[in-house]
Amino acid sequence: MLALHTLQEYIDALREARLLTESTVDEKTAQTTIDCFTYDTRELSGASLFLCKGAHFKEEYLHEALKNGAAAYVSERAYDTDAPRLLVSDVRYALVVLGRLYYNNVTDKLVTVGITGTKGKSTTAYYMRYILNDYLTAQGKPECAIISSIDTYDGVTTEESHITTPEVLELYRHFQNALDSGITHLVMEVSSQALKVGRVRGMTFDVASFLNIGEDHISPIEHPDFEDYFASKLLIFNQCRVGCVNTDAEHSSRALGYANGLCKVVTFGSHKGDTLYCERMEKRGDGIYFTVRSPKYNGEFSITMPGLFNVQNALAAMAMCMALDIPEESVHRGLRVARASGRMQVYESRDKQVVVVVDYAHNRMSFDALFRSTRAEYPGRSIISIFGCPGSHALQRRKDLGEVSGDNSDYVYITEEDSGEEPFEQIAADIEKHIIFAPHLILEDRGECIRRAICEHKGPRVILLTGKGEEEYMKRGSEFVPVPSDVALTLKYLELYNQTHA
């Protein structure tokens, strides 16, 4: 049960943060106990404080909130109503200040792990989750919470994610659910957009990791250029106690320069000067084995998730675990059993001719790594890639994924992938013009692309099915529409292939 606060306490919080520019709340109304703080009219209950925000905000939402019990509203501008108002200079920062008060600074009450990077956030988050779960369950404690681009678990809800880092109040609600459930640790991916617009402002991560940086999320509605993207990623060092940096990543020296002096720094990579470094790596029949040297963990460790590049994600998790003083045996066991839904899931036909790799790879860095790993692990096989790009954002991906797939595939299918409100035909055309060498086909029906790749192509082949993983929704227009997952479609058509090639 949340401890509630009066409207006056919210006013004082805005004043202390130097955000309040005007208040028309009288003394009597200021003593109202606020039962609900929200920007969503569907969540109103009791005496509410309603915040007006968002590109799609309409004044009618405010009038609906007032009709349903809002005691006052918070906004950057006054609206056509006599209702008590609190005008602020920055509504997004006001959301953080007021949200932290409403949820009683809940983010300070858990051990928190934050992970940012262009590639590898989800896999690293799941390595951390499995390691921490081994450590926590051995002590009789609940498993850790996770907020990732794959799914979210907070002790109360388990749900597929539609966004990497939720909006402020949704984020705090997950923390509150975790706290109420007795959970002590929470692992989360932290997107550049979340850092830029302040969704995690006011939080202090016990440990955070900077994995890498590449050109992605460059668009008019995200980051205008690489410099803005990189600067946003670096902000994670402003709000962590220990920052872990991958020295094998491009621009790592800049990340280290920024982090030094802001937090304690731990480095990981392949250099002997790193705090934790990988000495050697070897692929064996039952996994990938690698030897690590560090002040806390030494010797051979292994992972069973496919992809040689995942060793780097494992090192990131180990560096963060070292900062949290997690025992070596939990690291060994957690890495060995770790799985991330939709990440490097490998399926094979009975005659071994068809291998399907289902992965969330969705930007140039992840595509490059996926193709390199596939060439190394499946030499001599043809490669068929099936992918698309989302509508209206991350526009650079259309060029990047077109080039990488065209240069490395024997055949390419360009298909639907959360087109949203942008026509699929436009997205596909933008991708196609960058596929120079590979034969290819534009086909919106994702399931039909998978069927053709599995059932109609000939010879030993690896099908790289990227972008959606185990997601069961496709964004069409402004709605998320139920669809079969890539995994479900893969299993369906592999069974059809097996029946016809018995």
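Modeller: A salt bridge here is a side-chain nitrogen of Lys or Arg within 4 Å of a carboxyl oxygen of Asp or Glu. The model is predicted, so local features need pLDDT of at least 70 and side-chain atom pairs count only at pLDDT 80 or more, while totals for chains, interfaces and linings use all residues. Residues are numbered from 1 along each chain as its sequence is written, and side-chain values use heavy atoms, with hydrogens and water left out.

Begin with Glu403 and Lys399, which form a salt bridge whose closest N and O atoms are 3.0 Å apart. Both belong to helix α13, and because they are four residues apart, about one helical turn separates them. Helices are DSSP runs of H or I with at least four residues, strands are runs of E with at least two, and both are numbered from the N terminus. Glu403 is partly exposed, with a relative accessible area of 21%, and Lys399 is also partly exposed, at 32%. (Buried means under 20% relative accessible area, exposed over 50%, and partly exposed in between, with a 1.4 Å probe and protein chains only.) Elsewhere, salt bridges with shared partners join Arg280, Glu282, Arg284 and Glu300 into one network.

Helix α13 (residues 396-408) also holds Arg398. The side chain of Arg398 meets that of Glu422 in a salt bridge, 2.7 Å from N to O. Glu422 lies in the loop between β22 (411-414) and α14 (424-432), so this pair links parts of the chain 24 residues apart. Arg398 has a salt bridge with Asp430 as well, with the closest N and O atoms 2.9 Å apart. That pair links helix α13 to helix α14 over 32 residues of sequence. Glu422 and Arg398 are buried, and Asp430 is buried too. Over the whole structure, the search finds 33 salt bridges.

Charge also meets rings. The charged end of Arg284 sits over the ring of Tyr289, 4.0 Å from its centre, and that of Lys53 sits over Tyr39 at 4.7 Å. (This requires NZ of Lys or CZ of Arg within 6 Å of the ring centre and within 35 degrees of the ring normal.)

Now the rings themselves. Rings of Phe, Tyr and Trp (its six-membered ring) pair if their centres lie within 6.5 Å; planes under 30 degrees apart count as stacked, over 60 as edge-to-face and the rest as tilted. The count is 14 aromatic pairs. Tyr103 and Tyr172 have ring centres 6.1 Å apart and planes at 70°, so they are edge-to-face. Tyr103 is in the loop between α4 (91-102) and β8 (111-116) and Tyr172 in helix α6 (residues 168-180), so the pair ties together parts 69 residues apart in sequence. Tyr103 is buried at 8% relative accessible area, and Tyr172 is buried at 1%.

Five strands form an open, mixed sheet in the order β2-β7-β6-β5-β4, where strands pair if DSSP finds at least two bridges between them. β2 (20-23) and β4 (36-38) are at the edges with a single partner strand each, so one side of each has no neighbour in the sheet. Three bridges join β2 to β7 (residues 85-88), which run antiparallel, and Glu22 stands opposite Leu87 in β7.
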